[in-house]
Amino acid sequence: MQHQSEVEAADALKQAYQKIRSEISNVIVGQDEVVKFVLISIFSNGHCLLVGVPGLAKTLLVQTVSEVLDLDFNRIQFTPDLMPSDIIGSEILGEDRNFKFIPGPVFSNIILADEINRTPPKTQAALLEAMQEKAVTAAGVTHKLAKPFFVLATQNPIEQEGTYPLPEAQLDRFMFKVSLNYPSFKEELDIVKNTTGSLNQSVKKVLNAEQIIYFQQLVRNIPVTDNVLEYAVRLVAKTRPDGELAAPNVKRLLNWGAGPRASQFLILGAKCHAVINGKYSPDIEDLQAVAKPILSHRIVRSYHAEAEGLSTDDIIEQLF
């Protein structure tokens with residue numbers, strides 16, 4: 001995939017993004033923000049956590065994205081009895097009396113980790129290692145995962161019985177945490193019309209694995225001005241209650257702030273957000289557009305904030 005210049009390549013990414021959006025909208029009604037953040041995290045080589053009640057098409061969205069992007073797709077349904085070897089694979093004794101490695105479902109381009117908080121920490125850790133290292137270790141041997149590799153995990157916010165919430169350090173591996181809301185009346189009407197008849201919507205393939213890897217590299221090459229870099233780092237520093245740059249109300253509203261990974265993801269997300277909106281370098285607006293889903297799972301509210309009914313998004317907005 002060759003382009004004359006990076007400007008031309010950036011235009012190609014913008015067009016590809018718009019095509020992907022229109023293909024996905026043939027199957028998924030509404031959820032524009034969610035689709036946008038899922039695609040930004042793919043092009044930024046990050047992972048995404050979707051939080052929403054059942055029936056909001058989380059699984060369908062991931063399947064549709066993998067079809068449009070011509071990528072291998074595997075779904076892992078997390079349950080309390082799932083073992084790490086059920087995800088990464090295991091060594092078995094072959095007919096030739098030698099051990100051989102049988103790869104698990106994690107050896108795929110897009111992984112849907114359905115209800116990731118339903119499985120014990122040991123199994124969660126196996127997936128999170130794969131997300132971080134882009135490789136898995138079995139019987140002392142390291143096996144590289146396919147590129148691109150992207151995990152979309154889902155969580156159900158209502159049933160907390162028998163669940164194992166992800167610790168903060170593991171939530172930090174996800175670039176975005178995106179909340180899905182109920183569809184509007186008109187959207188729900190469209191959903192019911194589209195899904196209760198005999199019409200089957202299909203999607204066309206837009207990009208393949210090689211093109212996605214090319215665009216991921218392009219996003220990293222996009223230049224960023226010093227003032228945007230400083231704004232990103234300052235925004236993250238403002239969330240740390242005991243930091244020197246802490247905003248005055250943060251000491252009261254937050255117990256814990258975001259780490260350096262948040263600053264890195266802010267810049268990567270802003271770069272990608274700029275390109276898909278036809279810009280060749282990100283500005284402060286692009287940073288603010290991606291800040292909430294990047295910071296919301298990296299800060300911990302104090303009881304003051306909870307008592308005042310302030311959500312993490314409200315606090316992040318105050319920091320702008």
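The legends below describe close-up views of a predicted model.

Residues are numbered from 1 along each chain as its sequence is written.

View 1. Helices (H or I, at least four residues) and strands (E, at least two) are DSSP runs, numbered from the N terminus. Asp 114 counts as buried, at 6% relative accessibility; buried means under 20% relative accessible area, exposed over 50%, and partly exposed in between (1.4 Å probe, protein chains only). Its side chain makes a polar contact of 2.6 Å with the side chain of Arg 75. A polar contact is a pair of N or O atoms within 3.5 Å; within protein, one must be able to donate a hydrogen and the other to accept it, and residues adjacent in sequence count only if both atoms are side-chain atoms. Beyond neighbours within four places in sequence, Asp 114 is in contact (heavy atoms within 4.5 Å) with Thr 59, Arg 75, Ile 76, Gln 77, Phe 78 and Thr 154.

**View 2. Strand β5 and its pairing with β2 and β8.** Five of the five residues of β5 are buried, so the strand is largely enclosed by the rest of the structure. Ile 110, Leu 112 and Asp 114 cover one side, and Ile 111 and Ala 113 lie on the other. Two strands pair if DSSP finds at least two bridges between them. Strand β2 (residues 73-77) runs parallel to β5, joined by five bridges, with Asn 74 opposite Ile 111. Strand β8 (residues 150-155) is also parallel to β5, over four bridges; here Leu 112 stands opposite Leu 152, and Ala 113 has Ala 153 as bridge partner.

**View 3. Strand β8 and its pairing with β1.** Six of the six residues of β8 are buried. Phe 150, Leu 152 and Thr 154 point one way, and Val 151, Ala 153 and Gln 155 the other. Strand β1 (residues 48-51) pairs with β8 in the parallel sense over four bridges, and Cys 48 stands opposite Leu 152.

View 4. Cys 48 is buried at 0% relative accessibility, and Cys 272 is buried with a relative accessible area of 0%.

Key. Predicted model: local features only at pLDDT ≥ 70, side-chain atom pairs only at ≥ 80, totals over all residues. Heavy atoms only, no water.
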